[in-house]
Amino acid sequence: MYDLKTIQDAQRLVLHDSLHTYKVKNSRSNIAGQAKETSTKKGAIALFSSKDSMQKAHGVVVTSFEALDAIADRMTHWTPNTFNWLGYTQNRSSVRGHRENNLAQINSLVVDIDFADAAERDAREQEVLGAVTVADLFIPTMILRTAKGFHIYYVFDQPMFLRKKRGQFPVLKAAQKMSSFVRQWIQKRVAGVDVGCNNFGIFRIPRQDNLIFFDANMLIQVSALMKWSQYYAAQVPVTDQTGDKVISLSPDEGRQVDQAWFKTLLKVTTVKSGHGLARHNTVMTLALAMYQSKVSQQRARDVLDVFNSNLHEPLVDREVVQCVRDAYSGDYRGAALSYVQGLLDQWVPNFSGKVVAGIGWHKFAKPRAERQYSHAHEWRNDVLALINRMGGSAASVAMSTRQIQAELGISPASLNRVMKQLQATSQLKRVQRGNQPTLLTTVTMLFKSAMVSRQAQSQAWTGYLTTLMPTVSTSGYEPTVGTLTEMQAVSGDSAPPWGMETRRRTG
C-alpha cells in the first residue's frame, strides 16, 4: 500500500499544476503563502463520491490542490483532465461543463478494463499486466484496481493544451485518435477493454485502497505517442468478417441507417451493462447513424425509446435523451467503424453482412495467411510476443537466435534485421554472454517483474530502465498536429519511426 503523500504526489503528477495551490475563498493556509501564488489562469476538475453519484453528475467542483487534498480520500471518481471551467446547475444538484470541447488541457490517457466480477479480475491480473505496456514502448504511469477491473493511467510528460482553430479542436481530435489506438492495441491482447468510453471523461481517482502501481518517472512523451499512432494507423486493415474489401461511404454517397449493421443492431435486445461496449455505446452509435442519415432528432428519440424499451436491461430515459442530444450536437459526422465493429463482435457475433460505417476511403490489406511473405512489423511483433511469453514474470530470459528461428520459422537474415530494429527503437535489450545464450529483456518483462515483486518504485528497477531507454529531448509538445487524415499517412510497410520511447521525468 502506498502512503498518503505518495497518493497526493500521484494526483498532482496527473493534473500537471493545472489547479491553484490554495482555495480562492476560505483557505486555511497562511496568507503569506497565498500572496506568493501567481495570478496565472488555472482550471477546474470534478470529483464524485460514488459511481451512482458520478452517473447522476452529483459531484463537487475543485479548483485548488488545497481543496483536493481535503476531500480526495472520500471521493471515488474524478476528471483527470482539466477543464476551463466547471459549475453547478441552478439547484446545485449536478455538475455542468464537463464536456470535451470545454477541456483546457489533456493530462493523460486512461484505459478502463472491466471483467464480469472481482474473481475474474484477480484471475486475469497477470494477463492484464502483460498487455498494458503498449508496443513494448509505453509503460503505464499508474494502475488502479477497481471493483471489477483496472484503470490504466498513461500520464503525459507535458499536457496537451487545447486551442480552437477554424471552429475545430485539432489537438483534441489527435488525442482522441491516439487514445483509440492505445485501447485497440490493448484490446487485442486482453479482453474487457472499454473501447467506447469517453476518452477524457471520468475515471477512478488514485487512493490508498486502489493504487497498485505508481512510478512518477514513467511519463509518456506526446510526440513519441503521436509517431507510434501514425505507424499503428497504417497497420490496421479495414475488412468485413468475410475478408472482402470494404469501401466506406461519405455522407453524400449513402445513409448509415440503410446498412445491414444498423438494422441488425436495432433488433438486438440482449445488450446490457458490463465490460466492453455496452448499452450507452450502442444507443450513441445508433443515434449517430441517424444523424448522419439526416433523420430528425425527434424521430431518432422515438426510435431509440422503442429500442431501449425492448432491452432486457434498459437505460434510464434521461441517458437515452442525452445520447441523442450528444449525437446531434454537430461534434460528430456519423457512427465510427471501430465502434460498429466492436458492437457487432460483442452482441451479434454471427453477423455476416458487410460493415460499411466510416467516412472516407480505407486501404485494404490481405490477411497474413494469404501472403507469401510477412511484413517487417509482423516479424517484430512475433519476436516480442515470443520473448515476453518465454520470459513470463522474469526481468530477462536466456534465448539463442537459433531457438527463436525454430519457434517462429524466420530466416537468420530476417531475424538479425528485426533484432537490430527492436534494439534501435528501445523495444529490446540484448546482453551477450560468450558461449551462453543471450539474455533478452523487453520493457513489458521489466514492468511485469516489477509488478509481481511489488517493488515498482525501487531504485534498482528505475535504474535498470534508465539503461534500456535512450536519452530523449526535453523539449515540450507543440500542438501543431493537424487532422485525423495526417495520422494515417505513414506507409503500412515502413519501419516504425525511431525515438518512440517512454520519457523519463526530469527536474
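Colleague: Which residue is the bridge partner of Arg 145 in β9?
Modeller: In this predicted model, Arg 145 is bridged to Phe 150 of β9.

Colleague: How many bridges join β8 to β9?
Modeller: There are four, between β8 (residues 142-145) and β9 (residues 149-161), and the two strands run antiparallel. They form a hairpin, with three residues between them.

Colleague: And which residue of β11 does Leu 144 stand opposite?
Modeller: Leu 144 faces Leu 211. Three bridges connect β8 with β11 (residues 211-214), again in an antiparallel arrangement.

Colleague: Turning to the open sheet, what is the order of its four strands?
Modeller: The order is β2-β1-β3-β10, with antiparallel pairing. Strands β2 (59-62) and β10 (203-204) are at the edges with a single partner strand each, so one side of each has no neighbour in the sheet.

Colleague: How many bridges join β1 to β2?
Modeller: Four bridges link β1 (residues 45-48) to β2, antiparallel. Within that pairing, Ile 45 has Val 62 of β2 as its bridge partner.

Colleague: What is Ile 113 in contact with, leaving aside neighbours within four places in sequence?
Modeller: Its contacts include Val 128, Val 132, Phe 150, Ile 152 and Ile 186. Phe 150 is also the bridge partner of Arg 145.

Methods
Residues are numbered from 1 along each chain as its sequence is written. This is a predicted model: local features need pLDDT of at least 70, side-chain atom pairs count only at pLDDT 80 or more; totals for chains, interfaces and linings use all residues. Side-chain values use heavy atoms; hydrogens and water are left out. Two strands pair if DSSP finds at least two bridges between them. Contact means heavy atoms within 4.5 Å.
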